[in-house]
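Visitor: I would like to go through the aromatic side chains of this structure with you. Could we look at it together?

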Amino acid sequence: MEELDQVLERGDSVAILRYLRHNRIRASAEVVQHGQDFVAKGKGSSLGIEAWPVYEQVFLAALDLGETLLAERALGLLRKQFPDSARVGRLVGMQAEAEGTYAVAAEVYKSLREAHPTDPVVWKRWVSLAKAQGDLPEAIKRCNEYLKVFQNDSSAWQELAELYLLTGHLGKAAFCYEELVLSGPSIFSHHVALAEVYAAMGGAESLRLARKHYAQSMELHQGDDNLRSLYGMCSTCHALARCTHKSAHEDKSDAAVNGALFKLAVDKLKSHYRRVNPSMLPLVEVTLLQQAIGDASLQK
Amino acid sequence: MPYPCFRRISIFVSFMYLSFLFLIPSVYALYEEDAGKFDWHKSLLGPVCHARFEGNFLLLASSYGAVAVASASNSDGSLLWRQVIPLAAPVALPVRDGGTMDKDEKPAVKVLELVLHPQKRLVMALTRDPSTAALGVWAWRLFDGNLMWHVTVPASGVPLGKRVKAKEGGFLALFPDTVGAVDGETGEIYFLSAVDGTRIWKAPAIELMAVTGVVPVDGGTEKGVVVVGEGSDGKAQAFLVRLGGEKAEKIKSVSFSDGGLISHGTPSLHAFARPAPARSLALLLLSPSSSSSLSAADMQLVNPSGAKATPHGVLSSPIPSSHPSSLSASCLVLSDSGAVVEITLTQGKFMQRLVAPPSSPSLPLAFRAGPYVLRGEENQGPGVEVFRVVDGQSVGRVRGRRSLRGLWAGIRGGWREEEKEGRESDLLVLTVDKAETLVLQTMDDRLVWLREECLADVAQVLIVDHRPPAEGEKRSGTEDVTEALATSPLFEKLLSVVLPPSPSSSSVRDPHFGLTKILLFLCAPSSRLIALLSSHGGTILWTRDLPSVEGREGARWRMVQQGDEVLLVGEGGEGLAIWLDIVTGHEIASLPTLGLTPPAPSSSLLLFPIASSSSSSSSPPRLLLVDTRNATGHRARFLDGSSCAQGALGGREAGTEESLGDRPIFYHTLSTPSSGGASLQTYRLFKPSSAPSSPNWPFQSAVVGASSLPSPSELVVSTAYPDVRETMTAPSSHPLGDGALLLKYLNPYLVALASTASLPPSPPPASLNVTRDEGSQEGRRQGGDEGGKEVSTLYVTLMDTVSGRVLYRVSHFHVQGPVRMRLVENWLIYSYWNCKAQRTEIGSITLYDGFIDRKGLGLFTSPEFKERTSSFDGDASPVALQQTFLFPHPILTLGSTLTARGITTKALLVGFEPGQILLLDRRLLDPRRPTALPLSKTEKAEGLLPYAPHLPVLPPHVVTYNHTLHGLHSLYTAPSSLESTTLLLGVGDLDLYFTRLYPSHKPFDLLPDTFNHVLVSLVLLISVVGVGFLGKAAQAKALREAWA
């Protein structure tokens, strides 16, 4: 696939906008730079039916950059063309959000939800409105309401998990991430996120669960560049090794596993730095050595 | 977003449709309705002997008795109409092998004079019929050639004198309502009505030795003609014959002291007259003297005799004067030195003026047209020099091609006296050269049209596949090159899908279906080779003059195709061989001499193409030429393109030998002496490997077999050989109605002999398989009743030319020739005239080799019959079935259809009087047509028709439509790449006709006539529009949903 730099180098505004749109890249400055002519100078008609997504794209980018006039102009064009469109209605709400008139936005989203109760995007805007206002419990509430209706929306589960993490509800966040792991068991990032939550929860059981999910993540994404898993695995193994609440029988077998996983993670990390950034390697080795010094089982 | 996906699909589908639209035109198709549109007919004239310009019309007459009118303005030289004057009585001629004969043997009506009657707009010809020596006057309407009337005057008069050698003389004198026809032989004058040709009055014979001129008199009441001739005393005499008078009035007798007829007997005395005021007549008589001086006399003056002009040599071309001066007469004289001199007689004095300077060597050709005199020249290459009469200035030169034989000229649209200058470009020059190419050119050397009249003298025809030369290859070196295949623009291709095919679009498709052939015509007397393209209405691809063979004038040429080349072997002198490229006409190789001493008659030379041992295409073509003159020892020449080796072919058997090429080469000699009898001797060519007699000469031949006709009095009248291509592609069996198979006797080495004898039919020898048909038995009974009167009998004998055996023999009684024969696969067809029953009969013989029962061929059964693959296999003769049919017209020639794979039903082509071709289904001529009715179930299943003696001539099966091929004598067929289609070339004396045929009447591999072009185009159009519309609609819907 073509790289963004190459597309930008060519300077074809339509192609740049199309590339950013299709790849969902939020490069607002570039979008405004290349798209404002289509909106401001009325060149959009040359785009054919591609004009409307471009207007929307420019509108969103203009909101990002605070270019109120440009955003208004783009929205005006879209409202003129699609007066009854829910999609445009959402944009109106977004504009109100950007201007800080949350009440107006809430009103807009409310009316849209009533008119289009199955439109998930309006629900999501409704959640994000609460989040924008800093009302995290309300956002969690609205997100839960949403998930009652759209249970298989992974991104919503992820959002809810992040909201719970923000509010310190680690157990609930872990539940959300488990839902994500269930829906996408082969996605390593879900395992990492879940493992981090378990690791944060602490305790031998949770740490072991964290180690499991780190290990699954390493399994799904083999290689030495899954650094978050590797570091997580090191720290989890370290934490487990230092955990004192365990029986002698468990201790023996688990220590071996723990040591092996720690060694694996350490080896991969070393190989990664040796390959990618050799200057950092001594520092990493010292750090990992420090972790290993604390526990004899990890020094093997 | 879903909508770009829809959009892409719609764009893709539209693109596919468009690609489909552009791809279709390259898928060529042939349509049934092409039939009847792409055939062409060439009307020829033969050697042109008279021509006359009349306004925009050009009257032409040829020495083959054809009279035609052409337009001087059209570019293709096509004739507006052509009429061939028939002979009063048919002349029996000996028929040669294949039905061809030399043109000089063919009698034709001589056209003595050709004029246009200006008032009645009738083209009039005075003719002499050589069969009856009768004089004829013919009148056709100028515009459409309808014969208005014709009068024949029987040759009843006594010839004028013994010294008259040219018995063809005759003159026409035209009056507003009457025509005077003067018989130059008898001196009789007939005045005929110009309206209907009824005889008004016959003038008494005039006492003249030879009539040399006739001048119509049209002044006041003295309507009549002045006839000028040579009297018995050697003096020029002039008679005034008044229309409706009772006697010929001798008005003047002029004696020339040293005059007389010149030795070569051409009409030597010429009279020129102008009507003058006061009912007087100015008359100028010219007579060449024996000492190349010229005498002239004025008939009008008191003492005219003895006046002499300065000698300028022998008159060779009469040039009538149109000098407007009254009481004077003038004429232009071409001397033997080439000078043109105007001699004027005014007030009793002769004046002379040089119009064109002498030219040496000059052609004895000159013509006057309006204010110009044209003279043939060869100084700077063949051409025509044009001089102005007024001042003798040369005003131009018209380039010719070859040595000229005839010259005529005319002014476009006629000429009036007041237009004397500035009309050079309107002068039209018509020339005919020694190779009979008729060329009409303008004064500024622009070609108006060109006609190759030597195509009327075709000796041999080859039809070969046309493979256009590679791009960039030039066709220089040949003349008359016409662009062969025009490249068609894409628009035309597109149009060809939507619209029904047009003749112009056929040029694109024809080469793909093998419908474009090159027709090679070898024209005998002119030794020219002309290549015609079968498409484009028979466009001339190239022409080539063959060199004259040293030691013999008018040598006979033969041509053989060898791959992409044609080999021409000249059989005069010591022989000459030339290899030419068929497509371009370029000479590839030649052998200046074949060492044939003394010159061998063409019938004793056999040509065998020998396959090259190396596979490379650049190796020269090889040929073995066997000279069979000496019956005891044949000699052969081996030609390999660059050298010619020769040696004797021994007549002995050798122990071990190598065969030449893939198959052994057999040849035979068939001697048919004119005294009667025929003997066949067969030989085999081989290379002895054990003991080569000479290292340079590897070929030997050995006698294989011999056979002869039982009676030495039998005269062979016709022979026929099968076409090897037909035998090779023929299916080997014929399925019967019950599933059994009749195995055909397919032998490429057959010869059929037709011989006649005027003897009472004798019992046939026991060794010969003789059957008689019903009619012949009837004939024998009749013959017995006549008390042993001699009966003319036809014997048809089939022989094997490898083993020399007689395979079958049949006799017919009361038969007269000509006999036409055609040997196709296992089928012999022959036609003859039954003089007892007064009808044309067609005999049909089929040969079968065996029979396989219905259950004889299966998974577990194999027939006991062993297929015969050699002429030496077994002694049993094939089973022959014979039947006779009646045909309602005299038959001129026989042919058969030939297709690429031999799957299509065979059909017979019958050329019948008066020059048409009939496609006759083979089933109609099947000897197995059952005579017992009703037909059995198996006979019905096989599709056998009940026997009916009369063969129908159904107009839809006449492939020449409304064309008549005058003197049709040969039919040539060639296969195309389409199995259903055969190409046919019919060659007549004066006509060529080419067409496509569907022998099974069902063009099964062509699109039907009812192919709905409009519907297909509409569906295509609607689909394209629909896809565009639906694409737009889908786009709109996708947009609506995306922004809902």
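Visitor: Is Phe175(A) buried or exposed, or something in between?
Guide: In this predicted model, Phe175(A) is partly exposed, with a relative accessible area of 45%.

Visitor: How many aromatic pairs does the structure hold?
Guide: Over all chains there are 17 aromatic pairs. One of them joins Trp157(A) and Phe175(A): the ring centres are 6.3 Å apart and the planes stand at 65°, so this pair is edge-to-face, the term for planes over 60 degrees apart.

Visitor: Which parts of chain A does that pair tie together?
Guide: Trp157(A) belongs to helix α10 (residues 154-167) and Phe175(A) to helix α11 (residues 170-183), so the pair ties together parts 18 residues apart in sequence. Trp157(A) is buried, at a relative accessible area of 13%.

Visitor: And in chain B, how are the rings of Phe57(B) and Phe143(B) arranged?
Guide: Their centres lie 5.8 Å apart with the planes at 75°, so this pair is edge-to-face. The pair links distant parts of the chain, 86 residues apart: Phe57(B) is in strand β3 (residues 57-62), and Phe143(B) is in the loop between β8 (135-141) and β9 (147-153).

Visitor: Is Phe143(B) buried or exposed?
Guide: Phe143(B) is exposed, with a relative accessible area of 54%, whereas Phe57(B) is buried at 17%.

Visitor: Which residues do ring pairs link into a cluster with Trp1043(B)?
Guide: The cluster consists of Trp52(A), Tyr55(A), Phe82(A) and Trp1043(B).

Visitor: Over which ring does the charged end of Arg113(A) sit?
Guide: That charged end sits over the ring of Trp126(A), at 3.7 Å from the ring centre.

Visitor: Changing topic: what is the reach of helix α9 in chain A?
Guide: Helix α9 (residues 136-149) has 14 residues and reaches 20 Å from its first C-alpha to its last, close to the 20 Å expected. Its buried residues include Leu136(A), Ile140(A), Cys143(A) and Leu147(A).

Visitor: What do the buried residues of α9(A) pack against?
Guide: They pack against α8 (120-132) and α10 of chain A. Helix α10 is also where Trp157(A) lies.

Visitor: Lastly, how many helices and strands does chain B have?
Guide: Chain B has 7 helices and 65 strands. Of its 1044 residues, 51% are buried. The chain exposes about 46,100 Å², of which carbon and sulfur atoms supply 55%.

Notes. Residues are numbered from 1 along each chain as its sequence is written. Chains are lettered from A and ligands numbered from 1 in the order in which they are written. This is a predicted model: local features need pLDDT of at least 70, side-chain atom pairs count only at pLDDT 80 or more; totals for chains, interfaces and linings use all residues. Side-chain values use heavy atoms; hydrogens and water are left out. Rings of Phe, Tyr and Trp (its six-membered ring) pair if their centres lie within 6.5 Å; planes under 30 degrees apart count as stacked, over 60 as edge-to-face and the rest as tilted. Helices (H or I, at least four residues) and strands (E, at least two) are DSSP runs, numbered from the N terminus. Buried means under 20% relative accessible area, exposed over 50%, partly exposed in between (1.4 Å probe, protein chains only). A charge sits over a ring if NZ of Lys or CZ of Arg is within 6 Å of the ring centre and within 35 degrees of the ring normal. The expected span of a helix is 1.5 Å times one less than its number of residues. Contact means heavy atoms within 4.5 Å. Accessible areas come from the Shrake-Rupley method with a 1.4 Å probe; for residues, only the protein chains shown count as cover.
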